[in-house]
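Reader: Hey, I'm new to this one. Can you put it up and walk me through it?

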Amino acid sequence: MKKIRENTKKVIEKCREKNSEVAAVTKVFAGDKYIIKSIIDSGINILADSRLKNLKKFNDLKIKKMLIRIPMKSEIEEVVKYTDISLNSELETIFEINKYAKIRNKIYEIMLMIDVGDLREGIFFENYNEIYNTVKNVIKLKNIKLKGLGTNFSCFGGVIPSEEKYNILINIKNRLEKDLNIKIKEISGGSSGTLSLIDEINIPKDVNQLRCGASIALGIGLNDMPFEYLHQNTCEFAVELVEIKKKILNNKIKKIGVCIINTPGMKKEYFIPTDKKIKIIDINNDYIILDLTESEKKHNLNDEIFFNLSYGGLLLSMNSPYVRKVYLNNL
Ligand SMILES: *Cc1c(COP(=O)(O)O)cnc(C)c1O
């Protein structure tokens with residue numbers, strides 16, 4: 001937990017240097033309130049999650065909550081009840097939000113998404129008329145506040161954040177401000193992937209929010225690259241040895257260890273053994289099979305073997321009822 005708190009503080013500090021606020025993306029933690037509270041205590045002002053179910057669990061936490069995907073029309077009532085901000089791109093949905101916000105007597109904030117080529121959510125950047133028309137309608141709504149413009153990178157289209165892409169967004173912002181005589185205060189400009197490039201590319205100062213998840217949780221950013229100033233080993237996955245035998249593998253005698261994994265859907269690439277001399281041979285829903293031959297440690301039955309986790313591994317572990325979670329406050 002200490003490492004996650006330190007990561008959170010460093011990410012906030014790094015973004016602050018560049019005039020950006022951090023929305024802490026919590027989806028990898030599957031609504032785990034203990035961890036989320038720790039992240040809030042580290043100085044976060046906005047929680048961002050793509051699962052409404054997770055955000056519902058945070059209902060009693062006094063902090064702004066942002067749904068970082070487009071809401072479904074069928075869930076708007078709950079979206080308005082449990083969140084304060086969401087990402088949007090469809091007027092029809094925004095009208096629906098306005099309707100429920102009015103019922104709740106609430107001003108609901110939306111981040112209008114602009115797609116700068118990544119083919120995720122958002123109005124395509126070249127369709128200025130559609131963007132203009134949407135904003136023109138949005139600003140008339142009494143219970144909706146246009147919080148700002150947002151965009152996504154490194155998703156389906158694999159577009160990497162660049163000064164050029166940010167300038168597309170800033171140009172749209174400037175044009176809208178002029179054409180509609182409004183002020184757009186926020187630009188939510190990406191994720192931990194942008195944080196990876198924050199010292200390398202010239203990010204316009206108008207970009208003032210980053211939605212950071214992987215960097216806080218695992219100290220990684222663009223293409224899972226580690227940040228040298230963050231902790232990667234925030235979590236460990238422990239399994240117990242239930243068999244140690246000499247076996248023949250590729251014509252060589254090997255010391256093979258079998259451990260209980262007991263979790264459906266795990267993959268080899270999710271696990272990084274903390275003992276670098278241990279290799280993972282295979283994994284299935286029940287067992288993880290390890291090559292212990294090179295390890296300098298003497299292994300006994302019932303010993304635990306430890307792994308650090310990739311993003312996918314942490315996500316699946318946090319979501320699995322078969323994985324017991326233990327919180328170490330001082331590590
Ligand atoms: C998951 C997500 C993020 C956070 O990405 P990280 O790489 O975990 O920092 C940001 N924005 C959206 C819309 C997301 O879905």
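**Around the ligand**

Author: The shell around the ligand divides into four nonpolar, four polar and three charged residues. Here Ala, Val, Leu, Ile, Met, Phe, Trp, Tyr, Cys and Pro count as nonpolar, Asp, Glu, Lys and Arg as charged, and the others, Gly among them, as polar. This is a predicted model: local features need pLDDT of at least 70, side-chain atom pairs count only at pLDDT 80 or more, and totals for chains, interfaces and linings use all residues. Residues are numbered from 1 along each chain as its sequence is written, and side-chain values use heavy atoms, with hydrogens and water left out.

Reader: Which backbone N or O atoms lie 2.8 Å from an oxygen atom of the ligand?

Author: One belongs to Gly213, and another to Ala214. Both are polar contacts (N or O atoms within 3.5 Å).

Reader: And how far is the polar side-chain atom of Arg120 from a ligand oxygen?

Author: For Arg120 it's 3.4 Å.

Reader: New topic: how many aromatic pairs are there?

Author: Seven, counting rings of Phe, Tyr and Trp (its six-membered ring) with centres within 6.5 Å. Phe237 and Phe271 form one that's edge-to-face (planes over 60 degrees apart), at 5.1 Å centre to centre and 85° between the planes.

Reader: Where in the chain are Phe237 and Phe271?

Author: Phe237 is in strand β10 and Phe271 in strand β12, 34 residues apart. Strands are DSSP runs (E, at least two residues), numbered from the N terminus.

Terms used. Polar contact = N/O pair within 3.5 Å; in protein donor to acceptor, adjacent residues only side chain to side chain. Phe/Tyr/Trp six-rings, centres within 6.5 Å; stacked < 30°, edge-to-face > 60°. Helix = DSSP H or I, 4+ residues; strand = E, 2+ residues; numbered from the N terminus.
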